[in-house]
Amino acid sequence: MNRKYLAAPFSLWMALFTIVPILLVAVYAFTDAGGTFTLENFSKVLDPLYLGVLLRSVGMALLCTLICLVIGYPAAYFLAKKEIDPRGALVLLFILPMWMNFLLRTYAWLALLESNGLITSTLNRLLTLLGAEGEVRLLYSYGAVLMGMVYNYLPFMVLPLYTVLSKIDPRVVEAAQDLGAGRAQVLSRVVLPLSLPGVASGVTMVFMPAVTTFVISRLLGGAQFKLFGDLIEQQFLFTGDWNLGSAMSLIMMALLLLSMGLMKGFGDKEERGQDA
Amino acid sequence: MKRLPVLLASLLALALLLAGCAPAKESITVYNWEDYICPEALDLFTEETGIQVNYVRFTTNEEMYIKLARGGASYDVAFPSDYMIERMITNDMLLPLDHEKLPNFSNTSAWLQDPDYDPGSKYSAPYMWGTVGILYNTKMTGGPIDSWEAMWDEKYQRNVLMMDSVRDSLGVTLCSLGYDLNTRALTELEQARDKLIRQRESGVLLAYGVDEIKDKMANNEAALGLVWSGDAITSIDINPDLAYCVPKEGSNIWADGMVIPKTSKNPDGAIRFIDFMMRPEIAAMNSEYIGYSTPNDAALALLDDDLVSDPTFNPSPEVIARCSFFHDVADVADLYDRIWVEVTAN
């Protein structure tokens, strides 16, 4: 039975609140303040000044994604291996922070990382005990921004990995063991390849918000390490140059589409490999 | 910073607006800064006039301007700052004020009755004013500060907070170089830009902030911070080690005014609101509540002597004389924008 009409509300929603706004962004990007066609906005973004910021944003996002993967994979593996009971509770612990708005959580880090804050002052007391000279300052650095990003986006990596890993049939692993594979071999030849679709979606889910980050860099970086997202916000809210802001957004969207395409190709290939 | 609450508040206000549409009760929509009025003053206004007040908030002049300029919502009274009032007058967005309906305007201090951003107060009535200066921790500086150069002094490693706003941070840097803070001269702006970059590279700068500067200063997180005088009063209240100065090289002085946008649906209600806000006891109530200086001489007489004699709250005419208002530089906005990206994103 054809029930496509059930999707109508969703299609309408998408058209109204996703497609139309994107078209509006495109119109703004290709026009000047007076509304005539121009490519000037794009040539402005291609200025080394803005490109440098874009490159740095991509670099930060890649680093953030890598760290999330390195921390998130073992965590998800451990969660998936746990037998039933505490598992739900542990997964809940991962999701729990997401119930709170990310802005509030980032504000909390602002208080924790400042010089008289819990983390920095404890660390400094410890260092003094160990005889180290000087004082460590954590807030308002690249490290603080990166930490804020990893903290906020880690659940997006863990959850898809957990889903994929917990669905791996234990008999497959047993079969590998029966056939004489060691623990490392089971992991590298069986579990890892089977979990690649989860890696692909986790990487996409983290990379996308990470590359468009804006508030985290302003709060934890003290507005000194502005990322591309900050520049877009600045155009819309402070300078009021919506045309340039739209051109920046469009370039960002193209970049995301490209990276999603890459990851999708990667995920598809894996699935085909599985079927074969 | 407070965008989410603002959004929620706007949604709530919208909901109230829609809900309030059914019976035709007279109302006005007031668009003011976050945390910038004594709530009781609004109740008193409604009690006396029967006019309901829909109160909506913004966090920056630019945000307010974009909302008003791009249409959509209609506001009856808005509270822009000096240079923004100038821009709105230039763009023909304001209704002239009928001074016959503003008997309380005569309470306004003489020097603010005819401000250079709105000659003759044709379109705006001043609401609050203040200065920009250095809030400093006397324990960390070891003595008083009187010059902008302190904010570049390399003994304060990672101890200086500047504002995340190009007009303010660049403006005081121009002052420190002896230039006009409204300059359009490229060489002067570039010198100021380089000076700001040097402040970062020498390691003096801790961060650029907005609302958090006053909290960081109160928590002894930095030695010097660029702040508005009202925030200085709040922080000094919490932390008595702090002091405030308007440097000798001059600084920015600002005033926020009340205006009626052309899109107003109830300009009569709006002007009654503006006059009500200029009553001495209401102006005193607001000034006491938010800590900024009132432009209302009659209100000053009602305020606590301690407050009135505080030079942060009520600076001397000499201090006022060495400060200047911001003027609109919208025609070179992309130059300012680029400078700010060069300073903060490299």
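In this predicted model, helix 8 of chain A meets helix 9 of chain A through V172(A), V173(A), A176(A) and Q177(A) on the helix 8 side and V186(A), V190(A) and V191(A) on the helix 9 side. By class, the residues of this contact are 6 nonpolar and 1 polar, with no charged residue. Two packed helices are described by the angle between their axes and the distance between the axes. Here helix 8, residues 170–178, and helix 9 of chain A have axes 10 Å apart and an angle of about 140 degrees.

On helix 3 of chain A, the residues taking part are S57(A), V58(A), A61(A), C64(A), T65(A), C68(A), L69(A) and G72(A). An α-helix has 3.6 residues a turn, so residues three or four places apart point the same way. The partners on helix 9 of chain A are V199(A), G202(A), V203(A), V206(A), F207(A), A210(A) and V211(A). The contact of helix 3 with helix 9 of chain A holds 11 nonpolar residues, 4 polar residues and no charged ones.

These pairs belong to a chain built from helices: chain A has 12 helices and 0 strands. Its C-alpha atoms fill a box of roughly 70 × 70 × 35 Å along the principal axes. Of the 276 residues of chain A, 32% count as buried. Where contacts in chain A join residues at least 6 apart in sequence, 72% of them link residues at least 24 apart.

What does chain A bring to its contact with chain B? The contact takes 18 residues from chain A, against 23 residues from chain B. Helix 3 (48–81) and helix 11 (228–239) of chain A each give two or more residues to the side that touches chain B. Helix 11 of chain A gives the most, with 4 residues. The side of chain A that touches chain B has 8 nonpolar, 6 polar and 4 charged residues.

Chain B is divided into two domains: domain 1 covers 3–129 + 255–314, and domain 2 covers 130–253 + 325–344. The centres of the two domains of chain B, taken over C-alpha atoms, are separated by 27 Å. Across the boundary, 16 residues of domain 1 of chain B are in contact with 13 residues of domain 2 of chain B. On the domain 1 side, helix 4 (82–90) and strand 4 (125–137) of chain B each supply at least two residues. The largest share of that side, 5 residues, comes from helix 4 of chain B. The domain 1 side of chain B divides into 8 nonpolar, 4 polar and 4 charged residues.

Technical notes. Residues are numbered from 1 along each chain as its sequence is written. Chains are lettered from A and ligands numbered from 1 in the order in which they are written. This is a predicted model: local features need pLDDT of at least 70, side-chain atom pairs count only at pLDDT 80 or more; totals for chains, interfaces and linings use all residues. Domain bounds come from an automatic or database domain assignment. Two residues are in contact if their C-beta atoms, placed from the backbone, lie within 7 Å. Ala, Val, Leu, Ile, Met, Phe, Trp, Tyr, Cys and Pro count as nonpolar, Asp, Glu, Lys and Arg as charged, and the others, Gly among them, as polar. A residue is buried if 20 or more other C-beta atoms lie within 10 Å of its own, exposed if 12 or fewer, and partly exposed in between; C-beta atoms are placed from the backbone. Axes are lines fitted to C-alpha atoms, for helices over the stretch in contact, and angles run from 0 to 180 degrees between N-to-C directions.
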